Amino acid sequence: MKGSEKRLISLYDGSNVRMIIPVYQRNYDWTRDNCRQLFDDLVSLIKNNRQNHFFGSVVEMGTQEGIGEVSIIDGQQRITTVYLLMLALVKLLEEEKITSADPQLARRIRVSYLEDEFQPEDKKLRLKPVKNDEMALKRLFKDEKDYLLSSNLTNNFRYFYERILDQELTADELFKAIQKLMIIDISLKQGEDDAQLIFESLNSTGLDLTEADKVRNYVLMNRQ
């Protein structure tokens with residue numbers, strides 16, 4: 001087990017990267033209020049010219065299926081939400097409802113952080129949520145008539161879509177802000193760390209742990 005500070009966006013980037021949400025995790029359940037807070041924080045980052053924003057911790061473990069594949073043990077809510085935000089930004093740019101100083105921005109985000117165009121169709125998306133969420137996510141890459149309206153992913157995607165249209169930030173400013181999100185990345189090793197046991201330890205107290213709690217718990221576990 002090791003931890004390091006890094007930019008959240010780096011988790012989506014790289015050859016053969018695919019983040020998998022394990023089946024024992026709950027569905028994506030961030031609310032519109034959570035998404036509003038995130039977007040407000042991004043606006044504040046730009047307006048106040050701040051260098052970065054701490055966005056919590058992520059616990060992940062490499063899988064045996066592919067060199068770049070990782071299983072997300074903790075942090076799926078943040079990872080999924082930022083993925084939805086980037087997808088909304090890309091779709092608005094591609095639909096020419098907003099513009100960027102970089103004519104290739106939409107494509108750069110799509111191929112670097114959302115999709116791997118060299119993978120087969122069932123592994124193309126760089127994020128693989130649990131089953132019901134996966135279906136909703138795939139439909140967001142299609143026409144609006146295909147969206148799964150009952151899904152929380154769809155609702156939050158649409159919130160970001162409308163919020164970006166308000167143009168509190170330009171497309172370039174928004175992407176710059178996303179790049180400033182920092183996390184503590186806690187990486188587990190197969191054969192040495194029990195991923196499900198760690199997940200249950202993080203989530204079985206009956207109380208919601210703050211990000212400070214999780215980072216402190218990591219530090220304490222690492223000293224044992």
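Predicted model: local features only at pLDDT ≥ 70, side-chain atom pairs only at ≥ 80, totals over all residues.
**Entry 1: strand E6**

I began with strand E6, residues 181–188. I looked up the burial of its residues and found 8 of the 8 buried, so the strand is largely enclosed by the rest of the structure. I then sorted the residues by the way they point. Leu181, Ile183, Asp185 and Ser187 point one way, while Met182, Ile184, Ile186 and Leu188 point the other way. Both sets are buried, and Asp185 and Ser187 are included in that.

**Entry 2: neighbours of E6**

Which strands pair with E6, and in what sense? I found that strand E1, residues 2–7, pairs with E6 in the antiparallel sense over 6 bridges. Within that pairing I noted Ser4, whose bridge partner in E6 is Asp185. Strand E3, residues 53–62, pairs with E6 in the parallel sense, over 7 bridges. There I noted Ser57, whose bridge partner in E6 is Ile184. I record that Asp185 and Ile184 point opposite ways from the strand.

**Entry 3: second largest pocket**

I looked next at the second largest pocket, which has a volume of about 200 Å³. I count 14 residues in its lining, and Lys6, Leu11, Glu60, Val70 and Asp185 lie nearest its centre. Asp185 is the E6 residue I had already listed as the bridge partner of Ser4. Which element gives the largest share of the lining? E1 does, with 4 residues. E1, strand E4 (69–74) and E6 each supply at least two lining residues. By class I have 4 nonpolar, 5 polar and 5 charged residues in this lining.

**Entry 4: aromatic pairs**

I searched for ring pairs and the count came to 8. I took Tyr83 and Phe141 to start with. Their ring centres are 6.4 Å apart and their planes are at 55°, so I logged the pair as tilted. Tyr83 is in helix H2 (residues 76–94) and Phe141 is in the loop between H4 and helix H5 (152–165), so this pair ties together parts that are 58 residues apart in sequence. Is Tyr83 buried or exposed? I found it buried, with a relative accessible area of 0%.

I then took Tyr147 and Phe157, an edge-to-face pair at 5.7 Å centre to centre with 85° between the planes. Tyr147 lies in the loop between H4 and H5 and Phe157 in helix H5, and the two are 10 residues apart. Tyr147 has a relative accessible area of 10% and is buried. Phe157, at 1% relative accessibility, also counts as buried; the cut-off for buried is under 20%.

I also checked how the pairs connect. Ring pairs join Tyr12, Tyr83 and Phe141 into a cluster.

For the second largest pocket I had recorded 5 polar and 5 charged residues.

Notes
Residues numbered from 1 in each chain as written. Heavy atoms only, no water. Buried < 20%, exposed > 50% of the residue type's maximum accessible area, 1.4 Å probe, protein only. Pairing = 2+ DSSP bridges. Phe/Tyr/Trp six-rings, centres within 6.5 Å; stacked < 30°, edge-to-face > 60°. 1 Å grid on protein atoms, 1.4 Å probe; cavity = no way out; pocket = protein on both sides within 12 Å on 5 of 7 lines; lining within 4 Å. Points joined across faces, edges and corners; volume = space filled by probe spheres on them. Nonpolar A, V, L, I, M, F, W, Y, C, P; charged D, E, K, R; others polar.
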